[in-house]
Each structure stands twice: as structure tokens, then as C-alpha cells.
Amino acid sequence: MHDKDKLVWMYRKMVEIRTFESKVTELFAAGKIPGFVHLYIGEEAVAVGACANLKDSDFITSTHRGHGHCIAKGGKMDLMMAELFAKETGYCKGKGGSMHIADVEIGILGANGIVGGGLGIAPGAGLSAKMRGTDQVTVCFFGDGASNQTTFHEGINMASAWKLPVIFICENNQYGISLHQSKHQNITDVADRAAAYGIPGVVVDGNDVMAVYEAVGEAVKRARAGEGPTLIECKTYRWRGHFEGDPQVYRTQEEIKEWQAKDPIPRFEALLADMGVMTAEEAEAIRKEVAAEVEAAIEFAEKSPEPAPEAALEDLYV
Amino acid sequence: MREITFAEATMEAMAEEMERDERVFIMGEDIARQGGIFGQFKGLPQKFGFERVIDTPISETAIVGACVGAALAGMRPVADMHFVDFITVAMDEVVNQMAKIRYMFGGQCTVPVVLRAPDGAARSAAAQHSQCLESWFVHVPGLKVVIPSNPADAKGLLKSAIRSDDPVLYFEHKDLFRMKGPVPEGEFLVPIGKAKVVREGTDVTIVSYSATLHKALKAAEALAHEGIQAEVIDLRSIVPLDKETLFASVKKTGYLVIAHESTKNGGVGSEVAAVVAEEIIEYLDGPIKRVGAKFVPIPFSPALEPLMLPQVEDIIAAVKESL
């Protein structure tokens, strides 16, 4: 029923995100990455399950926690790493950093430093597809925290009123920065808010990549058929702090361990073994290949030059 | 040359650009079915359809956000912000998204969006429907800011704004929509970043723009009767600022007065004054004077409203104080 190559691709992408991010923790701690980074470890199934439904010509809008979305949509790890290192070879020539990585050519309309920023932008990409009569869809990733922003209401309202081909994916990782969901909104399921816009609202286990893949697949079908947007809430958890260096006084080690036991990657690996799609040896080979790719990305970043001083004044006015 | 109104000139610009480039479209509140509150969109949807002249929900954040998204996806959106006062609802989309994306993404893409914003005090609209906010956007790198004072510039600047790959804030004063004037037919572009000397003079430079420009011209007429020959410059573009035209005039006259309807504090006049003082102060023979609205919200009362705004007499007085 499922294409074997796609399933293995999904496993590989999850491993890429995990490996890339794990290296970023080390590199950040070693002082090699300036600024700050927000990591996606633990949430890999959402980005991969969603993007497995997309074509290069489809769009995504991402968040401050955007490395996973970028990798899942086909972003290049070497250009990402070089951007994190603030090098001239990075996606944004070292002028954007972690929170502004974009690859417009393949529809990655940017990470965003403003919580909820993508919720304003995604309907516009959807409107463009509708006006031009293409079958492109736009996936808009955001967190539970962003679901309280103006852009959530205005963006979903506009997209539903105009039946735009947009899939709104709430990555409910339980916390808006330091504040638990139970303290920042009076609902348990963000998906309930879909009713206010007259669109389907779906809750899925965000640590089950197949569940995400199928739910988003349905929404993509709906969107491409001109039936408008869907709100999908993926229940998940971020293993790291809001940002690297976050003292995390707001949660317990027990809670983190509880969610680490629900790690989406070994879970998917076991499923693929059961299905006879991938052996333990094949999984190990993928992990090794990915580890080498990430090492190569780091080497590329380290060897790349800093931006020239004059670059600071470029890319502004035409 | 045939004469048309400022509103008609903006509509002609819209129609010509939509004809020329199918990526151009416009959205905003009350523009398609109602034709715009100043009639500036009447007939446009009949020509281009309700899919390209789009009535939006009252949702400024979504409007500007969607413009940014559509631009990233290859379109060239224009939004009508209804009243400039409502742009404040969408400031994140203007300042953090639209203005910065091209630079933050390392030049991967441009964000060719035009935001049209009717501004200014007119007929007791009170504090939330009367502002002039152009100076806010002078402070944000990545935006261009234009502000026509007459029908011809309204057309030429709007066409240039739509063709600009940078996002442009286009301010149009409510009192100007009915103003009639000669407007060239067909292709007519006013370059962004180019000011215009609208009255030549030798004794003092008065820099102005938008509706206040006409007050500056009246002040210059009155001053001429007293033997003071004022040179009047219409800035037309605030970002980028045409320092060449500005400096040439100040070097000639030695005196500078700047007049605009937005508040004097932190207004465009402050920037113009600072640039002149910083770069060519040796040519000044007297103090720079700024004329702007008083530092209060615009009052509702027809008796009070004009008292808060710069009038012809204020400009005349400022010139005399400078000389």
C-alpha cells in the first residue's frame, strides 16, 4: 500500500533532522554557532510526515524552530549549516541565521523569528496558487504558542473564507516558550478552533510519522481539489529547551524522559522492520550515511569564508 | 493635456499595470463591490474581475501578510489599506516581514508589494482616521516611501511603485483624491527617489510634499508679494531622499523650511533638517525651520482640527523666522 522508497526516504529524513540537530547542540555549546538556536529534536515526525506529501513546487512556511521543516522539504544541510555558522556560503549569505533560513526555489518561504509570522504569509502563497490555477498547496507550520496570535485567526479566517489551498499544521509541543499549554489557553485541542472557521480540525499523534503522513495527505487532497484549508494538530514534545541554553525551570526531568520514551524514530524503525520494508542493517547503514553527510556539512561550513564587510550593505534596494 | 482627478489617475495607473502584467492584483477593504471609499477603484473589477480586484475581510494583518506570501510566490500584489491609521494593525507584517525578507534571505527573492494608504486630516475624522504616518517608515531599512501631491505624480509614482522590486509605501492624501490636473495618457513613470522643484526662487527653500505642498505654494505666492522669492521643492519620494535636488536648492538660497502635515516631532522634516545640517551646514545663512502638526492626536471638533495642522500662515511665519 505504501511506496517502499517513500517510507525509507521518510526514515532517512527523520534521521537527518535528528543528526543535524544533535550536532548543532554540540557546536552551539562549543561556541561555533553565534546567536541562538531553537531545536526540533523529538518533533521530527511532524515535518517529515507532512512534507512527504509535498512536491518541490509546493510551499511551506516555517518557524523559529525551523531546521526540521527545511530538511524535510528538501533543504540542503551544507547550506543550512553554513548559515548557522554565519558564513558567506550559507542559505542567506550569513545574514539571516537559524531563524531566517529559506530556499524559495523549492518553496521554503522561510523560517520566521516572529511567533505566528508564517500564519500571515501562508494564505498569500495559497492565494497565488489559486489565482494562477496551479495545484500547489502551502503547508504552514506553527506551534501551540502561535495559535494565540492575531495571525492565527486572521490567516485561517482568510484562507477558509477564500477556500485557499493551505494546510495549517499546529505542532503542539506543549509549551509556548516556558508556559505550558494549560496555562496559555483554555482548550486542550487547538484543532477545536477549526470549528470557528468552518474547516476540518484533526488531532493526530505527532510522534507517529505515518499518522501525520496520512492526515496531511487527506488535507493536501482536499486543498488540491479546491475544497480549502484544514487545521491539523500534531501532539508532540520538544526534548530540548525553547532555545539552547534554556534553564528549563518550568518542567521536570521526569516529564522529558516520559516523552523521550515515545521517540518517533525508533518507533518508525520498528514499524518498518515489521512491515518488512527495512532491516536493522539497512537502518544502521542509513544512520551512518547521514552521519557522514552531516560531518561533511560541518566541514563545508567550517571551511567557508565569513561574509565580506561590503556584503552587509547588499541585498537591500534594487 | 486632458485633465483628470487624482483618484482617476491612480485608477489609470492600476489598470495600465494590471493590463501590462498579469501578476499584478489589488486587494483591500471595500474596494471591489463598493469601488473604494474615495471612488478610486470604481470600474476596476468590471475590467479585471473580482479575482484580481479583491474585497478582503476587515483583517489588515492578513491583508499585508497575504501580500507578502503572494509576492514570495511570484505575484506583484498591491493592497489598499483603507486608511493609513489601519496599517498599525499590520505593523509586524510591514516591518518584520515585508521590509526585511529580501535581506534576511540573502537576496534569494524580492518582495514586490505596494501598500496604498490614504492619509491626512479631512472633515473631522478624528484621531484614528486622520493621521500622517509616513515618517514611521523612513526608519525601516528595506522600504521605499512615496507620497504624490498631484494627479500626474499620483499616476507616475504608482506605476513606478508597482514595478519596483522593493516594497513601497504609497501615501495618498484624502483631500487630494478630487483634485484635477493634467495627466499624460499611457506610459508615464515618475522615478522613485526624484524630487521636483515646483517653483523656482532665490531667497529660501521650502521643502514639502503631499497636500501640504499646496499650502507651501500659497505661502510662496504671499511671500513674493513681500519681495521674498521662495523655491518650493516637492519631495515626492521620502525614501530614497533626493539629496541632490535638496542640496542644490539650499546651496542656492541659504535658508531651509520644511513643511508637512505629520507631527513636527520626529517627522520627515527632522530627517531633512538633519541631513542638510550634517552635510552642507556651511551653506546655511539662518536656522532651519520645521512646520508640522502639533504634538497631539487630531481632535474631532471642526473648530479645533485646523488649529492642530500646519497652515499657510505657519509656513510664512517660519520663513520669516528663518530669514
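Predicted model: local features only at pLDDT ≥ 70, side-chain atom pairs only at ≥ 80, totals over all residues.
Let's start with the largest nonpolar core, which holds 84 residues; B:Val94, B:Leu115 and B:Leu169 touch the most other members. The top contributor is helix H3 of chain B (residues 60-72), which supplies nine residues. Domain 1 (3-182) and domain 2 (196-322) of chain B each give at least three residues to this core. A second, separate core has 66 residues, among them A:Met14, A:Val15, A:Ile108 and A:Ala301.

Next comes a helix pair. Helix H4 of chain B (residues 91-98) packs against H3(B) at an angle of about 25°, and their axes lie 8 Å apart. Angles under 35 degrees count as roughly parallel, so H3(B) and H4(B) are roughly parallel to each other. The residues that meet are listed here.

| Helix | Residues in the contact |
|---|---|
| H3(B) | B:Thr61, B:Val64, B:Gly65, B:Val68 |
| H4(B) | B:Glu93, B:Val94, B:Met98 |

By type, this contact comprises four nonpolar residues, two polar and one charged.

Finally, take a look at B:Ser210, in the loop between strand E10 (204-208) and helix H8 (212-225) of chain B. B:Ser210 has a relative accessible area of 4%, so this residue is buried. Leaving out residues up to four places away in sequence, B:Ser210 touches B:Ile147, B:Pro148, B:Ser149, B:His173, B:Leu176 and B:Asp234.

Key
Residues numbered from 1 in each chain as written. Chains lettered and ligands numbered in written order. Heavy atoms only, no water. Core = buried A, V, L, I, M, F, W, Y, C linked by side-chain atoms within 4.5 Å. Buried < 20%, exposed > 50% of the residue type's maximum accessible area, 1.4 Å probe, protein only. Helix = DSSP H or I, 4+ residues; strand = E, 2+ residues; numbered from the N terminus. Domains from an automatic or database assignment. Contact = heavy atoms within 4.5 Å. Axes fitted to C-alpha atoms, helices over the stretch in contact; angles between N-to-C directions. Parallel < 35°, antiparallel > 145°, perpendicular 65-115°, else oblique. Nonpolar A, V, L, I, M, F, W, Y, C, P; charged D, E, K, R; others polar.
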